[in-house]
Number of protein chains: 2
Amino acid sequence: MEVFAVEGLPEVQPGDDVARLVVEQTDLRDGDVVCIASTVVSKAAGRQADLDDYAPGEQARRIADAIGSVTGERKDPRFAQAVVEESEEILTEAPFVLAVTRFGHITVNAGIDRSNVPDADLLLLPEDPTVSAAQLRADIRERAGVDVAVIVTDTSGRPFRLGQRGVALGWAGIPAARDWRGEHDREGRELSATVQAVVDELAAAANLVTGEGAGGTPVAVVREFAFGDHDDSDALYREEDSDVVREALREWSL
Amino acid sequence: MEVFAVEGLPEVQPGDDVARLVVEQTDLRDGDVVCIASTVVSKAAGRQADLDDYAPGEQARRIADAIGSVTGERKDPRFAQAVVEESEEILTEAPFVLAVTRFGHITVNAGIDRSNVPDADLLLLPEDPTVSAAQLRADIRERAGVDVAVIVTDTSGRPFRLGQRGVALGWAGIPAARDWRGEHDREGRELSATVQAVVDELAAAANLVTGEGAGGTPVAVVREFAFGDHDDSDALYREEDSDVVREALREWSL
């Protein structure tokens, strides 16, 4: 399996044809997994926003105050309002805002980006990254005649472990997970491992070669990844009733 | 960057020289990142155990009962005792046991494996995976004359997202994380992304090519990964006082 960054992509503008930009810079092959940073998808989709677009409501003002009293640095209530508007639920208000996005991803500040945004204060996540992935996949097929998988990626922190790692937000042309249930180990025992979130692992692999900074490139290709002959699953975000940690956070923050 | 599984490894026995087994099956190069499943490290270190080795104490019996009353299927209190003995702290007792291992990793059942264990009921995680990684790295240098990084890996579930993914338990010859703080994006804005847990991303990439089942191989190599010119950090496990989720779980489970 090979993982490489796509070099030479221009800064993406609202309305840009991202699939065309990608296929102009690299020769894709059938079976490639094209990992595209959500920042690029959002920029092309015009998901830039300014702080002045947001009129803070009661919850946003409460969040800004709560973070201020914990950290000593008050958050801009307009930013808090942007997070509230992008979220289906706010799990914690302080010391940081952990939010459930409308498409199910749980992350700090609903994934709103304050860096890497030319000519705007904020960059929101794509509205539905799986829809974006499917569209990009269809566009790549049309532009280059190849059948690839597409993963819309982000970087995100996580409980228990420090640091961020690449995660999948949306995907098309590949299932989210390999399902090993019912398969057996070398000795014939049933495996205790159950479901392997391959799209997250592919996003993590891509993040190793793309980088974040001025030299970073937002698109990487994983070539010759073999999904293999396994059952599959397309679920990646836990439902509320199977998520003990979400339940604990909700009760804790009351 | 290239990622490939090391084929042809024999079933590892207590006392085996894992470094020798690996270098006999593949030509390693300077700079390779060798990702070795913790199962292999544990087997060589004799970390097999039997349920009858464990005399259930009060907490283990309570855990077995609590899981039984939630799931309808009582857990073996001897297994619960093994988890308790391998843990520094139990964060949740039911519906599953989320435990902090002595080396800081937080995972279900303290990572004790009930599959893939010939001639024993259980396989415990290595006592200190970073010590194991350093030893394996030194052994590989001695056996093959190459300077590699070693990551001892496992698969683990996580909050919010379904499925398991590869994670690093211990590492040597590479920092745990790239630290982007103070670096800037294309427009000169300071990056909001902070620390990238590269050893976890490498473990995830490795897990894409190794697999879990009878056809799985427990060792993978990542070749031509470039850490790059960044600050680094060797912290991967959150300290208690910076872990809101751990705090919430502890209070929730009281």
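Analyst: Buried here means under 20% relative accessible area. The model is predicted.

User: Is Y237(A) buried or exposed?
Analyst: The cut-off for buried is under 20% relative accessible area. Y237(A) has a relative accessible area of 13%, so Y237(A) is buried.

User: How many aromatic pairs does a search of the whole structure find, and what is the geometry of F103(A) and Y237(A)?
Analyst: Over all chains, the search finds 4 aromatic pairs. The ring centres of F103(A) and Y237(A) are 6.2 Å apart, with the planes at 65 degrees. Planes over 60 degrees apart count as edge-to-face. The pair F103(A) and Y237(A) is therefore edge-to-face.

User: How many residues apart in sequence are the parts that this pair in chain A ties together?
Analyst: F103(A) sits in the loop between strand 5 (98–101) and strand 6 (106–108) of chain A. Y237(A) sits in the loop between strand 13 (231–233) and helix 7 (244–252) of chain A. The pair therefore ties together parts whose separation in sequence is 134 residues.

User: Which residues form one aromatic cluster with F103(A)?
Analyst: F103(A) is itself buried, at a relative accessible area of 17%. Its cluster holds W171(A) and Y237(A).

User: What kind of aromatic pair do F103(B) and Y237(B) form?
Analyst: F103(B) is buried, with a relative accessible area of 17%. Y237(B) also counts as buried, at 14% relative accessibility. The centres of the two rings, F103(B) and Y237(B), lie 6.2 Å apart and the planes make 65 degrees, a pair that is edge-to-face.

User: How do the axes of helix 3 and helix 4 of chain B lie to each other?
Analyst: The axes of helix 3 (residues 58–71) of chain B and helix 4 (residues 77–85) of chain B come within 8 Å. They cross at roughly 125 degrees. That angle makes helix 3 of chain B, relative to helix 4 of chain B, oblique.

User: Which residues of helix 4 of chain B make the contact with helix 3 of chain B?
Analyst: Helix 3 of chain B passes helix 4 of chain B in a right-handed crossing. By class, the contact has 6 nonpolar, 2 polar and 1 charged residues. Helix 3 of chain B contributes Q59(B), A60(B), R61(B), I63(B) and A64(B). From helix 4 of chain B come P77(B), A80(B), Q81(B) and V84(B).

User: Which residues of chain B does M1(A) touch?
Analyst: M1(A) lies in the segment before strand 1 (2–5) of chain A. M1(A) is buried, with a relative accessible area of 12%. Within chain A, M1(A) touches V222(A), R223(A), E224(A) and F225(A), not counting residues up to four places away in sequence. In chain B, M1(A) touches M1(B), E2(B), V3(B), A205(B), L208(B) and V209(B).

Conventions. Residues are numbered from 1 along each chain as its sequence is written. Chains are lettered from A and ligands numbered from 1 in the order in which they are written. This is a predicted model: local features need pLDDT of at least 70, side-chain atom pairs count only at pLDDT 80 or more; totals for chains, interfaces and linings use all residues. Side-chain values use heavy atoms; hydrogens and water are left out. Axes are lines fitted to C-alpha atoms, for helices over the stretch in contact, and angles run from 0 to 180 degrees between N-to-C directions. Helices (H or I, at least four residues) and strands (E, at least two) are DSSP runs, numbered from the N terminus. Angles under 35 degrees count as roughly parallel, over 145 as roughly antiparallel, 65 to 115 as roughly perpendicular and the rest as oblique. A crossing is left-handed if the near helix is turned anticlockwise from the far one by less than a right angle, and right-handed if clockwise. Contact means heavy atoms within 4.5 Å. Ala, Val, Leu, Ile, Met, Phe, Trp, Tyr, Cys and Pro count as nonpolar, Asp, Glu, Lys and Arg as charged, and the others, Gly among them, as polar. Rings of Phe, Tyr and Trp (its six-membered ring) pair if their centres lie within 6.5 Å; planes under 30 degrees apart count as stacked, over 60 as edge-to-face and the rest as tilted. Buried means under 20% relative accessible area, exposed over 50%, partly exposed in between (1.4 Å probe, protein chains only).
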